[in-house]
Amino acid sequence: MTEVAMTEEKNVDERPVVLKVDHVAKMFRLPTEQATGLKMAFLNWTKGIKGYTEQHVLRDINFEVRQGDFFGIVGRNGSGKSTLLKIISQIYTPEQGSVTVKGKLVPFIELGVGFNPELTGRENVYLNGALLGFTRAEIDAMYDDIVEFAELEEFMDQKLKNYSSGMQVRLAFSVAIKAQGDILVLDEVLAVGDEAFQRKCDNFFAEIKKDPTKTVILVTHSMDSVKKYCNKAILIKDGEIIASGDKNDVADRYTLENFKQKKSEEHNHVEEDNGNKPWLKVIPASNPVCKKDDSFDFDIEYYFDQDTDFYFTMTLLDAKRGGLTFDPGPKLYKFHNPGHHKVRFSLPVNIFNNGDFQIVASLRIDDPENPQTPKAIAFANGEDSCRFAIRDSRNGDYALLNNDILAIECKGTIE
């Protein structure tokens, strides 16, 4: 056996496949007009009028999940994620393809579905467990763990309608994650409870990742959660998988798709007729998802017809952590070029950790009454501003500045 063949053999994943989605497609029929009688229905049929339109939500979806995976499914609203989960959970039946599940699958598509406010917390745990297919004996075995995790021991014999919203969420989430299933399906349920409870949930997911017999399928809009918990992921767009495999690559592609969507919406926006009024906007000129060693290029497009000097001011905002990150000052970029033009700028990003950023700008001219502060003529903020992101596995995610750029030196103990 050659060395290459031996390496490939070692890399074969021998864990059993517990979920196989094979060429799945799903379509819904949306009524457009309704026949009022048999005669109208016949006339519509002779004219070829169906009375409905077909909405194809999923198209030829294929993937496998192996035992022990923490598998992420991401995509924008309307991409088909929830429909896919309902097919996996056997709530919907696909028009084409098949779904094969090996083991006990426990779906939690919406927290608290099936809870009855007139029943006690204890009764709701048993009711929810029964809806999920567990026997009373199985729920008996899980009950203490559920209550302990929710931290609601004193309230389990009170009616659910007397619980605060936070208490109800904690109970629902505890039922979700403590259910003794082989495959746990979670749809947008990670950001629940207060900070202390979220830390507790975080610890739980850290432990479940270590259990090779447990499989989790997570649908979320949080790319931080995907990178933190998942080992594999897929990205769905318009009912099709457009990225799959490495969680970091999928998360970065999702960020890029969000920027593309925003840019498309802005291009479809009809500009008002501003006459001869000055205006400007900031437009990305390079990939809006940057790596550590990249520079982010952007253009300032403007219209200004006065034959005079003018200045561009810019402010870099930290959209993820909040706050003003960088402002080069009011007179750094001086121009004298009236008309409709574009000016390109380049921003090195190596000093920053991972994050989401926004560039806003203004066009200013000298103010004779206040020479130190140029007068603002036009602004580029909101949809006229520019957004970009930094995503690099070599970076941190918490602080703004990269540790390679700034480090605090220890001078020793002072007695």
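Biologist: Which residue forms a salt bridge with Asp 293?

Modeller: Asp 293 is paired with Arg 394, and their closest N and O atoms are 3.1 Å apart. The two come from distant parts of the chain: Asp 293 sits in the loop between β11 (289-290) and β12, and Arg 394 in the segment after β19 (386-390), 101 residues apart. Keep in mind that this is a predicted model.

Biologist: Is Asp 293 buried or exposed?

Modeller: The reading rests on a cut-off: a residue is called exposed over 50% relative accessible area and buried under 20%. Asp 293 has 58%, so Asp 293 is exposed.

Biologist: How many salt bridges does the structure hold?

Modeller: There are 25. One of them joins the side chains of Lys 26 and Glu 95, at 3.9 Å from N to O. Lys 26 belongs to strand β1 (residues 17-31) and Glu 95 to the loop between α3 (81-88) and β4 (96-101), so this pair ties together parts 69 residues apart in sequence.

Biologist: How do I read the accessibility of these two partners?

Modeller: Take each one separately. Lys 26 is buried, because its relative accessible area is 9%. Glu 95, with 44%, is partly exposed.

Biologist: Which residue meets Arg 391 in a salt bridge?

Modeller: The partner is Asp 356, and the N to O distance is 2.8 Å. Arg 391 is in the segment after β19 and Asp 356 is in strand β17, so the bridge connects parts 35 residues apart in sequence. Arg 391 counts as buried because its relative accessibility is 12%, whereas Asp 356, at 25%, is partly exposed. Salt bridges can also share partners, as they do in the network that joins Asp 13, Arg 15, Arg 66, Asp 69 and Lys 232.

Biologist: Which charged residues gather in a patch of negative charge on the surface?

Modeller: They are Asp 144, Asp 145, Glu 148, Glu 153 and Glu 154. Asp 144 is placed in helix α5 (residues 136-150). With 55% relative accessibility, Asp 144 is past the 50% cut-off and therefore counts as exposed.

Biologist: Where do nonpolar side chains tend to be?

Modeller: In soluble globular proteins, they tend to be buried together. Here the largest nonpolar core has 47 residues, and Phe 108, Leu 171 and Phe 205 touch the most other members. Another core, of 27 residues, lies apart from that one; among its residues are Val 282, Ala 361, Leu 363 and Ala 380.

Biologist: Which residues form a nonpolar patch on the surface?

Modeller: Ile 351, Leu 401, Ile 405 and Leu 406 do, and together they have about 320 Å² of accessible area. Ile 351 is in the loop between β16 (339-348) and β17 (355-365). Its relative accessibility is 31%, so Ile 351 counts as partly exposed.

Biologist: What separates the C-alpha atoms of Tyr 303 and Pro 338?

Modeller: Compare sequence with space. Tyr 303 and Pro 338 are 35 residues apart along the chain, and their C-alpha atoms are separated by 7.4 Å. Tyr 303 is in strand β12 (residues 295-304). Tyr 303 is also buried, because its relative accessible area is 18% and the cut-off for buried is under 20%.

Terms used:
Residues are numbered from 1 along each chain as its sequence is written. This is a predicted model: local features need pLDDT of at least 70, side-chain atom pairs count only at pLDDT 80 or more; totals for chains, interfaces and linings use all residues. Side-chain values use heavy atoms; hydrogens and water are left out. Patches are made of residues with over 30% relative accessible area and no salt bridge: like charges are joined within 9 Å, nonpolar side chains (Val, Leu, Ile, Met, Phe, Trp, Tyr) within 5 Å. Accessible areas come from the Shrake-Rupley method with a 1.4 Å probe; for residues, only the protein chains shown count as cover. A salt bridge is a side-chain nitrogen of Lys or Arg within 4 Å of a carboxyl oxygen of Asp or Glu. Lys and Arg count as positive and Asp and Glu as negative; His and the chain ends are not counted. The place of a charge is taken as NZ of Lys, CZ of Arg, CG of Asp or CD of Glu. Helices (H or I, at least four residues) and strands (E, at least two) are DSSP runs, numbered from the N terminus. Buried means under 20% relative accessible area, exposed over 50%, partly exposed in between (1.4 Å probe, protein chains only). A nonpolar core is a set of buried Ala, Val, Leu, Ile, Met, Phe, Trp, Tyr and Cys residues joined through side-chain atoms within 4.5 Å.
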